[in-house]
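Dear colleague,

Please find below the structure that I am handing over to you.

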Amino acid sequence: MTQSQQPPSPGPLSPTEQRNPRSAGLDDLDTLGVLQVMNDEDLAVLAAVRAALPQLAELVDIAAERMRRGGTVHYFGAGTSGRLGVLDASELLPTFNLEPGRVVGHIAGGQAALVNAVENAEDSTGDGRRAAGKLGPDDVAIGIAASGSTPYVRGALEAAGEVGAHTVLISNNPAAPVAEAAADHILLDTGPEVVTGSTRLKAGTAQKLTLNGFSTALMIALGRTWRNLMVSVVATNDKLRERTVRILCEAADLSDAAARELLEDCDGELKTALVVSFTSVTPQAAAKHLADSVGSVKAAIAAVSAESGRETS
């Protein structure tokens, strides 16, 4: 066994690996009873995520600042945790038109591990270090590990920290050993699972909610929404093209016909159409203000207003 594959030193058993007394008689229950036990246990998920929100907000602010100056965000995980990271990253392009490579998910074992377990992949700190090998000082590395002991995650966080990237561990273990390799530890204290050790349940659900909150708040901070509208959506099919029409109708109080005409004038660009509708500048001027505002509708409208104020003063 190589040094990079040495098992972690034994420590306190993670709560995610402990037996849950509330589900001890699980196989004696009927189907409804099983589902009720699971649902009752899921109540702990929301409480765990809420307790972590202050730390999560700090992480969003740090990530937004670094992304504004060209940095990137990287998730590192194995198994369920790794799949959740890849899923969250992959959904940002169609939802927020985020450029490829800005938020990236890395899973131990590579693409094959998304659908099949890859034996021993999570046990290599070396693989984790290699996965984080291209990170720099403006980047953010987020390790995700229910037990907080995954060697792959440790390797990634150690390598990222060595080059000055901001490092965070998200785990479900108060005594997570890998936390020592990160600048911050976001604990999701969901306790023992209904099925002992099955972290695809409460632990995974808490991780999914946390990543949803992190990436959505990050996109909002970067101006990828306007109010609560998904104005950066990539309209790649008829359903999404119709959605852009509805968004413009609702946001600008336009009729269906007027919204379609404005979108056509703006080459189908919803953000451009929004800026035009609220400022009356030309589509070309609106597009320029959006480019200068890094795609933020709110900032572009404010810039037009400021410019108009200077012209009339």
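Of the 313 residues of the chain, 47% count as buried (under 20% relative accessible area, with exposed meaning over 50% and partly exposed in between; 1.4 Å probe, protein chains only). This is a predicted model, in which local features need pLDDT of at least 70 and side-chain atom pairs count only at pLDDT 80 or more, while totals for chains, interfaces and linings use all residues. Residues are numbered from 1 along each chain as its sequence is written, and side-chain values use heavy atoms, with hydrogens and water left out.

Overall architecture

The chain contains 12 helices and 5 strands, taken as DSSP runs numbered from the N terminus (H or I of at least four residues for helices, E of at least two for strands). Its C-alpha trace spans about 70 × 50 × 35 Å along the principal axes. Among contacts (heavy atoms within 4.5 Å) with a separation of 6 or more, 65% are between residues 24 or more positions apart.

Charges and salt bridges

There are 26 positive and 38 negative side chains, and the centres of the two sets lie 3 Å apart. Lys and Arg count as positive and Asp and Glu as negative, without His and the chain ends; each charge is placed at NZ of Lys, CZ of Arg, CG of Asp or CD of Glu.

The structure holds 15 salt bridges, each a side-chain nitrogen of Lys or Arg within 4 Å of a carboxyl oxygen of Asp or Glu. Glu 41 takes part in a salt bridge with Arg 22, with the closest N and O atoms 2.6 Å apart. This pair links distant parts of the chain, 19 residues apart: Glu 41 belongs to helix α1 (residues 31-51) and Arg 22 to the segment before α1. Glu 41 is buried at 8% relative accessibility, whereas Arg 22 is exposed at 53%.

Glu 41 also meets Lys 202 in a salt bridge (2.9 Å, N to O). Here the partners are 161 residues apart, with Lys 202 in helix α7 (residues 202-221). Lys 202 is buried, at 2% relative accessibility.

A local pair is formed by Asp 292 and Lys 288, whose side chains meet in a salt bridge (2.9 Å, N to O). Both lie in helix α11 (residues 283-292), 4 residues apart, about one turn of the helix, and both are exposed. Elsewhere, salt bridges that share partners join Arg 129, Arg 154, Glu 158, Glu 162 and Glu 180 into one network.

With kind regards
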